[in-house]
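Please look over the sequence and the structure shown below, and keep both at hand while reading.

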Amino acid sequence: MRERCKDIVPPAGNCTHGTGHDGPRPIGPYVAALCLATVAWLAAGSALAQAPGAKPRSSLGVAVVALKSPYAGYKTDTVGAPVISYEGRKFHFRGGSFGYTLFDNASTEVSLLASPYMMRFKHNDSDDLRLRQLSNRSFSAMAGVAVRHNATWGIVQGNVQAEVSGHGGGIAADAKYAYPLPTGRVTLMPGIGATYAGSALNDYYFGVSSAEAGRSGLAAYRAGSGVSPYFDLTAVMPLGPHWTAAASLRRTVLSNAVKDSPMTAGDHMDSAALSLSYGF
């Protein structure tokens, strides 16, 4: 069964509720999640734009990210976020994901992966009065395997993970192809890919139970599995032996399972980011 923070009365424990929108609007949890996802993609683009065969470097930096949420009543936000990557002999940390390398040579890396599922809903962060009657949805923990292959014809990467935090289970997967295009000092990295979310994950984050429907006026909805294609463009410019500037744009087309949910508005998500990082 799906586990959600219950109803409108704040229970003791992890699921707490805000006090409304009488003051300045805080950065919503969904915005924080998408910000982390965008920074992870930005850091990955910077790493993949290095010379062929070069190992990713550890780095520290800062990014400014603009995000559009699929949830109704959520506004586009612009926030700052750290960019942190660590590359050890076996362990690595990339944009919120921990990995343990099982195999690595000049062109291919296979890793065990543990990461948060970049989704969260908190009803007090929505301006839609109906969504403010729904239960909160928490981050999920995922674990699985990731593969990355670098060749002269481009870069292919993908992962398959299972939900392990007790939110009903489910599978998520991502596959992407990108091709670095050196243009003087700047390397452009166009990419295309798709994410898959199983019905258990989609229903946890975008489903509306009969009890929620009764108190909110929204239609009850049980979400199925779905595939969301996306395309992005990253530009990376070295500013010396250690400093790197990067900029990225991404559009994700929502799957029908998400788009048809009464919790969402629109048919896509957009994000953009600028970053400056120091590699070592």
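The paragraphs that follow go through strands, a helix, charged pairs, a histidine and aromatic rings.

The model is a predicted one, in which local features need pLDDT of at least 70 and side-chain atom pairs count only at pLDDT 80 or more, while totals for chains, interfaces and linings use all residues. Residues are numbered from 1 along each chain as its sequence is written, and side-chain values use heavy atoms, with hydrogens and water left out.

In β8 the covered face carries Ala172, Asp174, Lys176 and Ala178, whereas Ile171, Ala173, Ala175 and Tyr177 belong to the uncovered one. Strands are said to pair if DSSP finds at least two bridges between them. By that rule β8 pairs with strand β7 (residues 154-163) in the antiparallel sense over 8 bridges, and Asn159 stands opposite Asp174 of β8. β8 also pairs with strand β10 (residues 186-197), again in the antiparallel sense, over 7 bridges, with Ala172 standing opposite Ala197 of β10.

Helix α2 covers residues 199-206, and because 6 of its 8 residues are buried, it is largely enclosed by the rest of the structure. Here buried means under 20% relative accessible area and exposed means over 50%, with partly exposed in between (1.4 Å probe, protein chains only). The buried residues of α2 are Leu201, Asn202, Asp203, Tyr204, Tyr205 and Phe206.

Side chains of opposite charge can pair when their charged atoms come close. A salt bridge requires a side-chain nitrogen of Lys or Arg within 4 Å of a carboxyl oxygen of Asp or Glu, and the structure holds 9 of them. Asp203 and Arg222 meet in a salt bridge with an N to O distance of 3.2 Å. Because Arg222 lies in the loop between α3 (210-216) and β11 (226-238) and Asp203 in helix α2, the pair ties together parts that are 19 residues apart in sequence.

Another salt bridge joins the side chains of Glu109 and Arg148, at 3.8 Å from N to O. Since Glu109 lies in strand β5 and Arg148 in strand β6, this pair ties together parts that are 39 residues apart in sequence. Glu109 is buried, with a relative accessible area of 10%, and Arg148 is buried as well, at 15%. Arg94 forms a salt bridge with Glu87, their closest N and O atoms being 2.7 Å apart, and Glu87, Arg94, Glu109 and Arg148 are linked in a network of salt bridges. The loop between β5 (108-117) and β6 (140-151) holds Met119, which is buried at a relative accessible area of 9%. The C-alpha atoms of Met119 and Ser140 are separated by 7.7 Å, although these residues are 21 apart along the chain.

What surrounds His268? This histidine lies in strand β13, residues 268-279, and counts as buried at 18% relative accessibility. Contact here means heavy atoms within 4.5 Å, and, not counting residues up to four places away in sequence, His268 touches Lys68, Arg251, Thr252, Val253 and Leu254.

The aromatic residues come last. Rings of Phe, Tyr and Trp (its six-membered ring) pair if their centres lie within 6.5 Å, and planes under 30 degrees apart count as stacked, over 60 as edge-to-face and the rest as tilted. The count by this rule comes to 9 aromatic pairs. The rings of Phe93 and Phe98 have centres 4.8 Å apart and planes at 55°, so this pair is tilted; Phe93 is partly exposed at 22% relative accessibility, and Phe98 is exposed at 52%. Trp243 and Tyr278 form an edge-to-face pair, because their ring centres are 5.1 Å apart and their planes stand at 70°. As Trp243 lies in strand β12 (residues 243-253) and Tyr278 in strand β13, the pair ties together parts that are 35 residues apart in sequence. Finally, ring pairs link Tyr71, Tyr74, Phe121 and Phe206 into a cluster, and Phe206 is also among the buried residues of α2.

Note on methods:
Helix = DSSP H or I, 4+ residues; strand = E, 2+ residues; numbered from the N terminus.
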